[in-house]
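This report covers helix packing and model confidence. The sequence and structure come before the details.

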Amino acid sequence: LGAGAGPCPCVPPRPPHVAWGAARHAAATDSFPYASRDEERVVKTTLHEVGSQLEDMKLSLKIYHFQELSRTSLSHATLQRDARYQKLKEDLQKHVNELSPAQLVAAA
């Protein structure tokens, strides 16, 4: 194509909000009412870790992540809209008998 011929017709136009190679589906966390950008970063990072490593994660780290999410301004009902949070909570409930008294207090 010569100069000024316009975009190549073989490449479809990219929506302005989607970076090249980074097309993704909207996540439940995209609609959460965050108190700050820092809170948004904490929630999204924590849920990403939980979603990618939950099966191999130590129980103490699961408690830590649950605490991190509990410290945010988001309600339980809001967090519950994310499947990774639900899975974390279910996993902790399933292993409640393995928790130390300190971990039980932390998870409460």
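## Packing of α1 and α2

In this predicted model, helix α1 (residues 37-53) packs with helix α2 (residues 59-70) at an angle of about 155°, and their axes are 10 Å apart. Angles over 145 degrees count as roughly antiparallel, so α1 and α2 are roughly antiparallel to each other. The crossing of α1 past α2 is left-handed.

On the α1 side, the contact is made by V42, V43, T46, L47, E49 and V50; α2 contributes H65, E68 and L69. Sorted by class, this contact has 5 nonpolar, 2 polar and 2 charged residues.

## Packing of α2 and α4

Helix α4 (residues 83-94) packs with α2 at an angle of about 130°, with axes 10 Å apart. The two helices, α2 and α4, are therefore oblique to each other. Here α2 passes α4 in a left-handed crossing.

The residues of α2 in this contact are L59, K62, I63, H65, F66 and L69, and those of α4 are Y85, L88, K89, D91 and L92. By class, the contact of α2 with α4 has 7 nonpolar, 1 polar and 3 charged residues.

## Confidence

The protein has a mean pLDDT of 81, with 75% of its residues at 70 or more. Confidence is highest in α1, at a mean of 95, and lowest in helix α5 (residues 101-107), at 77.

Over residues 18-24, pLDDT stays under 50; for this stretch the model has 6 contacts beyond four places in sequence. Where pLDDT is low, predicted coordinates should not be read in detail.

Methods:
Residues are numbered from 1 along each chain as its sequence is written. This is a predicted model: local features need pLDDT of at least 70, side-chain atom pairs count only at pLDDT 80 or more; totals for chains, interfaces and linings use all residues. Side-chain values use heavy atoms; hydrogens and water are left out. Axes are lines fitted to C-alpha atoms, for helices over the stretch in contact, and angles run from 0 to 180 degrees between N-to-C directions. Helices (H or I, at least four residues) and strands (E, at least two) are DSSP runs, numbered from the N terminus. Angles under 35 degrees count as roughly parallel, over 145 as roughly antiparallel, 65 to 115 as roughly perpendicular and the rest as oblique. A crossing is left-handed if the near helix is turned anticlockwise from the far one by less than a right angle, and right-handed if clockwise. Contact means heavy atoms within 4.5 Å. Ala, Val, Leu, Ile, Met, Phe, Trp, Tyr, Cys and Pro count as nonpolar, Asp, Glu, Lys and Arg as charged, and the others, Gly among them, as polar. pLDDT is the predictor's confidence in each residue, from 0 to 100.
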